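Subject: Structure for you to look at

Hello,

Here is the structure I promised to pass on. Please open it first, then read the notes below.

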Amino acid sequence: MASFTASSVSISSAFCSFNRTQQGSNLRKVSVSFSGKSFPSQRLPFPRFRISCAAKPDTVNKVVEIVKKQLALPDDRQVSGDSKFQVLGADSLDTVEIVMGLEEEFGICVEEESAQSITTVQEAADLIEELLEKK
Amino acid sequence: MASTVKYLRVPPNSASLEEARRRVFDFFKTACRSIPTIMEIYTIDDVVTPSQLRSIVASEIRKNAHISNPKVIDMLLFKGTEELNNIVEHSKQRHHILGQYVLGRPEITPDSATKDQGSEYLKNFFRSNYF
């Protein structure tokens, strides 16, 4: 019960800001937990059917924010479009993790080959824009 | 179950460290993509966020980052895939997930449970069998 009320509170907060791309998954969450919290009989696929707004112009800023949070960089560290992940102190697993974070944030699915080639922030932002357009 | 990898037949060993590394990344991506499912199954969304779970998975992988033998890496990947399958198939319960992966991590649950008591010997004893 507590988690149901908690998720209903999060629903109301999600409706206040329509920019959240997790709105769709929040709705799904409520419908599952309402049915007695039994484990769902079918696995929900990786959520692609999100209610997402138009592509934001500051994709690069969001990427920078995610990178900073992932690598635990201090706020005054300058991260620009052409900073390489290696230089910022990320090893290969960190790079994959950043790509996963971007996947979740933007609701996209990055293919294997394109993921290998991402080395800078700008490349990541370009890939995201391209995938968002294709959707 | 589209995102879980089922090892019905054992795949051939990795030929090189590079291929083993690629398999590790594939495993990590599979795990990350099944994180939303896991959070729904065990209703842990009020305890952790997906990005925290991602970093937990990454830290588990990083624990073995020093291994250089591809066969050992394959074995570890096999165990990891088995664990991930168990979790996604709901063979575990919420307290397993929380106890094994969420609690005790200083980033997520600040260490308020451990009182500052006991000697150095006890602290070592709680940490591991061998000291």
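The notes below go from the interface to the helix pairs and the salt bridges.

Please keep in mind that this is a predicted model.

**The interface**

Start with chain B and chain A. 25 residues of chain B are in contact with 24 residues of chain A. About 2200 Å² is buried between the two chains. Carbon and sulfur atoms give 58% of that area. Five salt bridges cross the interface.

**Helix α4 of chain A against α3 of chain B**

Two packed helices are described by the angle between their axes and the distance between the axes. The crossing is right-handed.

Which residues meet here? On the α4(A) side they are A:L93, A:D94, A:E97, A:M100, A:G101 and A:E104. On the α3(B) side they are B:P50, B:R54, B:S55, B:A58, B:I61 and B:R62. By class, this contact has five nonpolar, two polar and five charged residues.

**Helix α4 of chain A against α1 of chain B**

α4(A) also packs with helix α1 of chain B, residues 17-33. The angle is about 30 degrees, and the axes are 10 Å apart. Angles under 35 degrees count as roughly parallel, so α4(A) is roughly parallel to α1(B). This crossing is right-handed too.

From α4(A), the contact uses A:S92, A:L93, A:V96, A:E97, A:M100 and A:E103. From α1(B), it uses B:R21, B:F25, B:F28, B:K29, B:C32 and B:R33. The classes here are six nonpolar, one polar and five charged.

A:L93, A:E97 and A:M100 are on the α3(B) list and on the α1(B) list.

**Salt bridges**

Side chains of opposite charge can pair when their charged atoms come close. Over all chains, a search of the whole structure finds 13 salt bridges. Look at B:R62. Its side chain meets that of A:D91 in a salt bridge, 2.8 Å from N to O. The side chain of B:R62 also meets that of A:E97, at 4.0 Å from N to O. B:R62 lies in helix α3 of chain B and A:E97 in helix α4 of chain A, so this pair joins two chains.

**Within chain B**

One helix pair lies inside chain B. Helix α2, residues 35-42, and helix α4, residues 70-88, have axes that come within 9 Å. They cross at roughly 45 degrees. That makes α2(B) oblique to α4(B). B:I38, B:I41 and B:Y42 in α2(B) meet B:L84, B:N86, B:I87 and B:V88 in α4(B).

Best wishes

Terms used: Residues are numbered from 1 along each chain as its sequence is written. Chains are lettered from A and ligands numbered from 1 in the order in which they are written. This is a predicted model: local features need pLDDT of at least 70, side-chain atom pairs count only at pLDDT 80 or more; totals for chains, interfaces and linings use all residues. Side-chain values use heavy atoms; hydrogens and water are left out. A crossing is left-handed if the near helix is turned anticlockwise from the far one by less than a right angle, and right-handed if clockwise. Helices (H or I, at least four residues) and strands (E, at least two) are DSSP runs, numbered from the N terminus. Contact means heavy atoms within 4.5 Å. Ala, Val, Leu, Ile, Met, Phe, Trp, Tyr, Cys and Pro count as nonpolar, Asp, Glu, Lys and Arg as charged, and the others, Gly among them, as polar. Buried area is the accessible area (1.4 Å probe) that two parts lose on being put together, summed over both. Axes are lines fitted to C-alpha atoms, for helices over the stretch in contact, and angles run from 0 to 180 degrees between N-to-C directions. Angles under 35 degrees count as roughly parallel, over 145 as roughly antiparallel, 65 to 115 as roughly perpendicular and the rest as oblique.
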